[in-house]
Amino acid sequence: MGPFAFRSWVEISLKQIAENFRAILQVVGPDVEVMPVVKADAYRHGAVEVSRALAAAGARWLAVSNVEEGAILRDRGITMRILVMADFLPAERAGLVEYNLTPVLHSLPDIAEWDRLSAGSNGEPRDYHLKIDSGMGRLGTRASAAEILEAVGAAKHARLEGLMTHFASSANYASTQTDEQLRTFETICSELARGGVHPPILHSSSSTPVAYGRRGAWQRMVRPGHAVYGYISQIAKGPAPPCLLEVRPALTWKTSVLTVKDLPAGALVGYGGIHRTTHPARIAVLAAGYADGIPHRLSNKGRVIAKGHWAPIIGAVSMDVTTIDITHCPPLEPGDAVTLLGSEGDISVDAQQMARVAGTISYSVLCGIHARVKRIYVDE
């Protein structure tokens, strides 16, 4: 089969990902372990390739969401410690043992079940991390310290290696929620310590508490995701401290021009005719649409970079194509590349900027880039 043209593709710098990881190491210092999050195919940067680059840069842990993600990494030769943060589903628990993955458990019955699964491990206890719901109201146990002590003590084949929690509002310095969650978590940790339980790893911080220096929340490990890929959440509220971390996006997203045509004034463009030209216009139809990950809400209000100039999106973003106005751009031809995320000359657009226009978040923009968009690693 083939050859096939690249309709839409991302160019990923593994060198930049490694540099971002090293920047995080520099901020937190040698006493804090950095566990990069590579779930959702490393935020669509390619989990296998990114994990290899992070291993080469010195990472000793990775975090994924589910057993399948961890198994894929193992099958591709990734030998680092892998923490499965979300799933402990009955059908995949045996896979945790088979692929030597470390689960995060979310309830006290989970501890008993992991102990049962670990009973045949040649006398060596299998590690697990326990998540405390400190106030996010999502995954994690709300059991008392006494109840946790009883469950941990009853497990003879499983070892509590880590305690963790997850902050709901760490980017909002006008809210006291993060401080309240941290106090709740620290209280549980202290009460467990008084009961003789001292897990060697405590962790609660993702990218934002690292970037803005919530040192009390770093504990023994941090688990950055967004920052590894070059993004730091912008503080929306409150008196934020200075940012300590400088990272750069590692991904550029481009697509090809399918056709160029001239339209008269008054022409309707796209589904629903939601755009009408106000002057004679030259348009380009791009080989990417919402099936590739361009947010549909960029219809009639997003923009891309064409030959170093801004080109507005006109009409509705379709499933497979998007139309732009190139009247004021240098000439384009079919096959030319247009930048959806990235830089050309002095202008640039990143996932946070695209997200603001689309009314979403940058995580959604990155994770929304579809698998049919080709991945190219530019500095392997």
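Modeller: Helices α1 and α3 cross in a right-handed way (the near helix is turned clockwise from the far one by less than a right angle; helices are DSSP runs of H or I, at least four residues, numbered from the N terminus). This is a predicted model, where local features need pLDDT of at least 70 and side-chain atom pairs pLDDT 80 or more, while totals for chains, interfaces and linings use all residues. Residues are numbered from 1 along each chain as its sequence is written, and side-chain values use heavy atoms, without hydrogens or water.

The axes of α1 (residues 14-28) and α3 (residues 47-57) come within 9 Å and cross at roughly 50 degrees (lines fitted to C-alpha atoms over the stretch in contact, with angles from 0 to 180 degrees between N-to-C directions). From α1, Leu-14, Ile-17, Ala-18, Phe-21 and Arg-22 make the contact, meeting Glu-49, Val-50, Ala-53, Leu-54 and Ala-57 of α3 (heavy atoms within 4.5 Å). By class, these contact residues divide into 8 nonpolar, no polar and 2 charged (Ala, Val, Leu, Ile, Met, Phe, Trp, Tyr, Cys and Pro are nonpolar, Asp, Glu, Lys and Arg charged, the others, Gly among them, polar).

As for pockets, the lining of the largest pocket has 14 nonpolar, 14 polar and 5 charged residues (an open set of 1 Å grid points for a 1.4 Å probe, over the protein atoms alone, with protein on both sides within 12 Å along at least five of seven lines; lining residues have an atom within 4 Å of a point). Helix α10 gives the largest share of that lining, 3 residues.

Technical notes: Helix = DSSP H or I, 4+ residues; strand = E, 2+ residues; numbered from the N terminus.
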